[in-house]
Amino acid sequence: MSKALPYQDIQTIYFAIAAVVLPFAAFVINFLFLGKSKLSGWVSTLAILVSSVLAAIIFTRVWNVQQIHVKQIWFRIGDSYLYTGILLNNLSVLMLGLVSVIALPVHIYSTAYMKDDAGYSRYFQYLSFFCFSMLALVVMDNLILLYAFWELVGFSSYLLIGFWFDRANAVQANKKAFIINRIGDIGLLTAIIILFNQYQTFDIERLFKEGGLIASSTIKNGLWISADIQTPVIWQYIACIGIFLGVAAKSAQFPLHTWLPDAMEGPTSVSALIHAATMVAAGVFLLGRVYPLFNPAELTTLAVIGCFTAFMAATIALTQNDLKRILAYSTISQLGYMVMAMGIGAYATSLFHLVTHAFFKCLLFLSAGIVIHQIKHIKEDNNLDIDPQDIANMGGLRKKLPLTFIATLIGGLALIGLPLTSGYLSKEGILITTYEWAQGKGDMMLLVPLFAFFTSCLTAFYVARMLLKVFFGDLNLQFLNPEIKIHIGDGGWRYKAPLVFLALCSLFPFFSFNPFLHEETWLLYGFSAYNSKSVFDIMHIAIPVLVNGASLLIIYYAYMIYMKRSTIVLPQSGLLYRLSFNEWYIDRFYNRVVVKFVLVLSDMAFWFDRKVIDGFVNLLEKIGVFTAGIASWFDRYIVDGILHLSAVIVQAIGGFARRFQNGKVQYYLFSMLLAVIVVFILKILIWN
Amino acid sequence: MSIVQVLFYFMGLITLASALTVAISKNLVRSIFMFFITLFALAVLYVLALADFVAVTQIVIYVGGILVLILFAFMLSGKEALAAAQLQSNRFISLSNLPALLLALLFLVVMINVIFKADVSNLQWIKEANGVKNVIGSNESMINNIGINLMTRYLLPFEAISVLLMVALVGAAHLSRREGTRI
Amino acid sequence: MITLADFMIVSAVLFCTGMFIIVSKKNSIQILIGVELMLNAAILNLVAFGKYDRINNSGQMFALFAIVLAAATTAVALAIILNVYKQYKTIDPDKIKQLKD
C-alpha cells in the first residue's frame with residue numbers, strides 16, 4: 001500500500017512495531033547481557049509496560065476509527081509477490097491491548113513469584129520472547145508470518161511449560177504440548193497452502209475483509225470457485241479442517257485438549273499468562289481472523305465441538321483435586337464456549353468472552369499461584385510430604401489470605417457468570433445468542449444451548465467447590481497435622497497490585513455501565529459487522545435470570561455439601577465420577593491407542609528399516625564386496641596377468657635374443673650360415 | 001665307363017668317406033689321420049683333373065706342412081688337451097649336432113640343386129675354350145707352362161703371397177713363443 | 001669322361017662335411033681340420049675348372065695360391081690355439097667366452 005498515510009497513522013504503525021519489538025529487545029538484552037542478573041525481570045517488565053502503554057494508545061487511535069494496513073514487498077518468487085506488513089484493525093488492536101495489558105500484571109507478579117528460582121533470568125527471557133511472539137502474531141498481515149509467529153508462540157509455550165526441566169513431569173508435559181501443537185500446526189500450514197493455491201495471496205486483509213477474496217468466492221456444483229481458480233470443494237473442507245486443527249491444538253478443543261491440563265507443570269504465572277489468558281486465545285483469535293472462510297455447515301460443526309468441549313471439560317473439572325487442573329479444565333470449558341460462540345455466529349460475543357475470560361482467568365491463576373505458593377511455604381517450613389496444589393489439603397484460607405480470597409471470589413463469580421461481573425456480560429451474551437441461533441435450526445440443535453446451559457450450572461458447581469474447599473472451613477492441613485506452624489500472607493505489593501488490577505478489570509464497569517445487559521457493552525460494537533441480530537425480546541431477560549437462579553441454587557447446594565455436610569455425600573465410585581475423575585479417559589485412550597499405535601508403527605518402521613532397508617543396504621554392500629572381489633580377481637589375474645604376460649613375453653624375447661649373444665663362436669657361425677642358406681633358398685625359390 | 005672314371009669315383013668315394021670319418025670320429029688322433037687320407041685322395045683327384053703340379057703341391061704343403069703342424073700343435077698342447085679331446089662324447093647323430101647336421105644337409109641340397117641347375121658343362125666360356133682348343137689334354141704336362149706363368153703373368157700375386165707367407169710364419173712363430181721369452 | 005658336375009658334387013659334399021665339422025665339433029683343432037676340408041673343396045673346384053684354361057692356367061695358379069695361404073692360416077691358427085690353450089686350459093671354443101686378459 002503505497003499511498004501516503006497521514007502522519008498520525010505512520011506514528012501509530014511505529015508504535016505498533018515498537019510495542020511488538022520491545023519485548024524482543026528485552027529478550028535479547030536479557031539473553032546477551034544480563035546472564036543471571038535480577039535486573040532481567042525489571043527489563044522485561046519495563047518493556048511490557050511500554051508495550052502496553054503503546055498498545056493502549058494504538059487502541060484508542062484505531063478502535064472503531066479506522067483500519068490501518070501497511071505492507072511492503074518482502075520477496076518475490078516468480079510472479080508471486082509476497083508482502084509483509086502490519087494490519088491494525090479492531091481485532092488486532094483488541095488482542096494487542098489484551099495481551100500486553102494481561103502480560104503486564106503477570107510480569108510484575110512474576111518478579112516476586114520467581115524471585116527465588118534459579119532460572120529467574122531464563123524465565124524472563126522466555127516470557128519476553130513469548131510476549132514478542134504473541135504480539136507479533138496478532139498484528140501480522142499475512143498468513144506466512146502469522147504461521148511463523150504461531151509456531152514461535154507454541155515454541156515459547158513449550159519452553160515455559162518445561163521451564164523446570166529437571167522435573168520429569170514438566171518434561172513430559174512440554175513434550176506433549178509440543179507434539180499436540182504440532183498436529184495443529186500441520187493443519188494450519190495445510191490450510192495456508194490451500195488458501196494460497198486458491199487465492200494466490202497470503203494477505204489477510206485481501207482474503208478475509210468484507211467483500212474480500214473469500215467472501216466473493218462461492219461453492220457451486222462441487223467446485224470451490226474463486227476469482228480465477230476452481231478447485232474441488234474438498235479442498236475447502238480440508239482447509240477448514242486444517243484451520244480447525246490449528247485452533248483446537250492452540251485453544252485446547254476436543255480432541256486436542258489434553259496438553260493443557262498437563263501444561264500446568266509450568267510456573268503458575270506462566271499458566272496464568274499463557275495457558276489461561278493469551279496463548280490459548282490465539283486459537284480463537286485465528287478463528288476470528290479467518291472467520292469468513294467457514295460456511296454455515298462448518299460453523300455448526302464448530303459450534304457442536306465447542307459445546308461438547310465446554311461440557312466435557314466442565315464435567316472433568318467437577319472432580320479434580322489439583323487446584324491448577326481445575327482451573328485448566330475451566331479454561332478449556334470457557335474456550336469451548338468461545339468456539340461455540342464463533343460457531344453460532346456470535347463473533348463479537350465470542351471475542352468479548354475472550355477478553356473477559358482473559359482477565360478473570362488470569363486473576364484466578366495468579367490467586368491460585370499465591371495459594372500454592374503459601375501452601376508450599378507451609379510444606380517447606382514443616383517438612384510435610386504433601387502436594388501443595390491439592391485442594392483437599394486447603395481450607396479456611398480466607399482469613400490468612402484476605403486479598404487473595406476476594407480476588408478469587410471475584411474471579412470465580414465472573415467465571416460462573418453472576419451479575420456485576422464481566423463474566424456475566426459475556427457469558428449471558430453467548431447463552432442468549434446460542435438459544436436464538438438454535439431456535440431456527442430444529443430440535444437437535446436445541447441440544448447445544450441446553451448443554452451450554454448445563455455446562456454453566458456445572459461451572460457454578462465446580463467453582464463453588466473449589467472456593468469452598470480452598471477458602472472456607474478450616475485448614476485441612478492443620479486438622480491432619482495439628483502441630484504445624486503457619487506464617488502466610490498475601491505477600492508484597494508485587495502480588496497485590498496485579499490482583500487488584502485484574503480484579504477491577506473483571507468487574508462490569510470496565511466493559512459496560514449496565515451490569516445486566518450485555519448488549520450495551522462497548523466492545524461488541526467494534527464488531528458490528530458480525531453481530532447478526534440484536535432483537536431484544538423476553539429471552540434476553542429470561543435466560544440470565546434462569547441461568548443465574550440455577551447457578552445460585554447450585555452454589556447453595558455445593559455449600560450444603562461441602563460446608564454443612566448435611567446433604568447426601570456425593571458418591572465417589574460411580575461410573576460418572578470415574579469418568580470425570582479420569583478426564584473421560586481421553587488421555588488414557590490416547591496413551592493406549594494412539595501412542596501405542598504410533599509405537600507399533602515405529603516398531604514396524606524400525607523393523608522395516610532394519611530388515612528391509614538395512615538388508616537392502618547390506619545386500620548392496622555384499623554386492624559391492626562381491627563386485628570388488630570380481631574386480632580384484634580381474635585385476636589380479638587379467639590386468640596383472642596381461643602385465644605379467646607382457647613381462648614374460650619381453651623376458652622370453654630377451655632370453656631368446658640373449659642366446660644369440662652367448663659368446664659361442666660356433667653358434668655365431670651357425671647363425672650366419674643359417675642366414676646365408678635362407679637367403680639362398682629364397683633366391684632359388686624366387687629364381688624358379 | 002673308362003678306367004679313369006672308375007678311378008675318379010673310387011677316389012671320390014675315399015675322399016668323402018674319410019672326410020665323413022673325420023666328422024664322425026670321436027678320437028682326435030684318428031680324425032687327424034683320416035684327414036691325412038682325405039688330403040691324399042684329393043691329391044689323386046687333382047691328378048685326375050689334369051693338375052699334376054697342384055697335386056704335388058698339395059701333398060708337399062698339406063701333408064708335409066699343415067698336417068705335421070697340426071700334429072705338432074696337438075702334441076704340444078699337452079696331455080690334458082689330449083685327454084679332454086679323447087673324452088669328448090661326440091656322437092655323430094645327437095641332439096646337439098642335429099642343427100649342424102640339418103644345416104649341412106640343407107647346404108648340400110641347395111648346392112647340388114645349384115650344380116644341376118647351372119649345367120656347368122655348357123657354360124659359355126667353357127664352350128669357347130673347347131672351340132679354341134684351350135683345353136688341357138690328358139697327356140700333356142702343364143708344369144712348364146705354370147712355371148712361365150708364375151714368373152710372368154702371376155708374378156705380382158706370387159710375390160705378394162710370398163711376403164704374406166713370410167709374415168704369417170713370423171706371426172705364428174711370435175704367437176707360439178713361450179711366455180718367458182717375451183722381449 | 002669325368003664331367004665338371006662330378007667334381008662339383010664331390011666338392012659340395014666335402015664342403016658340407018667341413019661345414020658340419022666346423023659347426024658341431026668341440027675341439028679347435030678339429031674345427032681347423034674342417035676349415036681345411038672346406039678349403040680343399042674350393043681348391044678342387046678351381047682345379048677342375050682350370051682344365052679349360054690351358055694357356056693361362058689360372059685355375060691351377062689360384063689353387064696353388066690357395067694352398068699356400070691355407071698353410072699360412074693354419075700356422076697362425078695353430079699358434080693362436082696354443083695360446084688359447086695356455087690361457088684357458090681348454091681348446092673347446094664354447095668355453096672360450098671371455099676376451100679379456
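**Exercise 1. At what angle do helix H26 (residues 665-687) of chain A and H1(C) pack, and how far apart are their axes?**

Before we start, a few words on the model. This is a predicted model, in which local features need pLDDT of at least 70 and side-chain atom pairs count only at pLDDT 80 or more, while totals for chains, interfaces and linings use all residues. Residues are numbered from 1 along each chain as its sequence is written, and chains are lettered from A and ligands numbered from 1 in the order in which they are written.

*Step 1.* Two packed helices are described by the angle between their axes and the distance between the axes. Axes are lines fitted to C-alpha atoms, for helices over the stretch in contact, and angles run from 0 to 180 degrees between N-to-C directions. Helices (H or I, at least four residues) and strands (E, at least two) are DSSP runs, numbered from the N terminus.

*Step 2.* For H26(A) and H1(C), the angle is about 140° and the axes are 8 Å apart.

*Step 3.* Angles under 35 degrees count as roughly parallel, over 145 as roughly antiparallel, 65 to 115 as roughly perpendicular and the rest as oblique. H26(A) and H1(C) are therefore oblique to each other.

*Step 4.* Now look at the residues that meet, with contact taken as C-beta atoms, placed from the backbone, within 7 Å. H26(A) brings A:Gln666, A:Leu669, A:Phe670 and A:Leu673, and H1(C) brings C:Met19, C:Ile22 and C:Val23. By class, this contact has six nonpolar, one polar and no charged residues. Here Ala, Val, Leu, Ile, Met, Phe, Trp, Tyr, Cys and Pro count as nonpolar, Asp, Glu, Lys and Arg as charged, and the others, Gly among them, as polar.

**Exercise 2. Describe how chain B meets its partners, chain A and chain C.**

*Step 1.* Begin with chain B itself: it has eight helices and zero strands. Its mean pLDDT (the predictor's confidence in each residue, from 0 to 100) is 82, and 85% of the residues score at least 70.

*Step 2.* Chain A and chain B each give seven residues to their contact. On the side of chain A, the residues are seven nonpolar, no polar and no charged.

*Step 3.* Turning to chain C, 64 of its residues are in contact with 75 residues of chain B. Helix H1 (4-24), helix H2 (28-50) and helix H3 (58-88) of chain C each give two or more residues to that side, and the largest share, 21 residues, comes from H3(C). By class, the side of chain C has 43 nonpolar, 13 polar and eight charged residues.

**Exercise 3. Which residues touch the most other members of the largest nonpolar core?**

*Step 1.* A residue is buried if 20 or more other C-beta atoms lie within 10 Å of its own, exposed if 12 or fewer, and partly exposed in between. A nonpolar core is a set of buried Ala, Val, Leu, Ile, Met, Phe, Trp, Tyr and Cys residues joined through C-beta atoms within 7 Å. In chain A, 47% of the 688 residues are buried.

*Step 2.* The largest core holds 201 residues, and A:Leu135, A:Val139, A:Cys362 and A:Leu363 touch the most other members. Helix H15 (residues 347-382) of chain A supplies the largest share, 20 residues.

*Step 3.* Take A:Cys362: beyond its neighbours within four places in sequence, its contacts include A:Ile102, A:Ala272 and A:Leu502.

*Step 4.* A second, separate core of 82 residues includes B:Met111, C:Ala63, C:Ala70 and C:Tyr85.

**Exercise 4. Is A:Tyr120 buried or partly exposed?**

*Step 1.* A:Tyr120 is placed in helix H4 (residues 120-139) of chain A.

*Step 2.* A:Tyr120 has 18 other C-beta atoms within 10 Å, so it is partly exposed.

*Step 3.* A:Gly41 is 79 residues away along the chain, yet the two C-alpha atoms are separated by 7.6 Å.

**Exercise 5. Where do A:Ala252 and C:Asn57 lie?**

*Step 1.* Most residues other than glycine have a negative phi. A:Ala252 has a positive phi near 55°, and C:Asn57 a positive phi near 50°.

*Step 2.* A:Ala252 sits in the loop between helix H9 (234-250) and helix H10 (259-262) of chain A, whereas C:Asn57 lies in the loop between H2 and H3 of chain C.

*Step 3.* A:Ala252 counts as buried because it has 31 C-beta neighbours inside 10 Å. C:Asn57 has 27 such neighbours, so it counts as buried.

Terms used
Contact = placed C-beta atoms within 7 Å.
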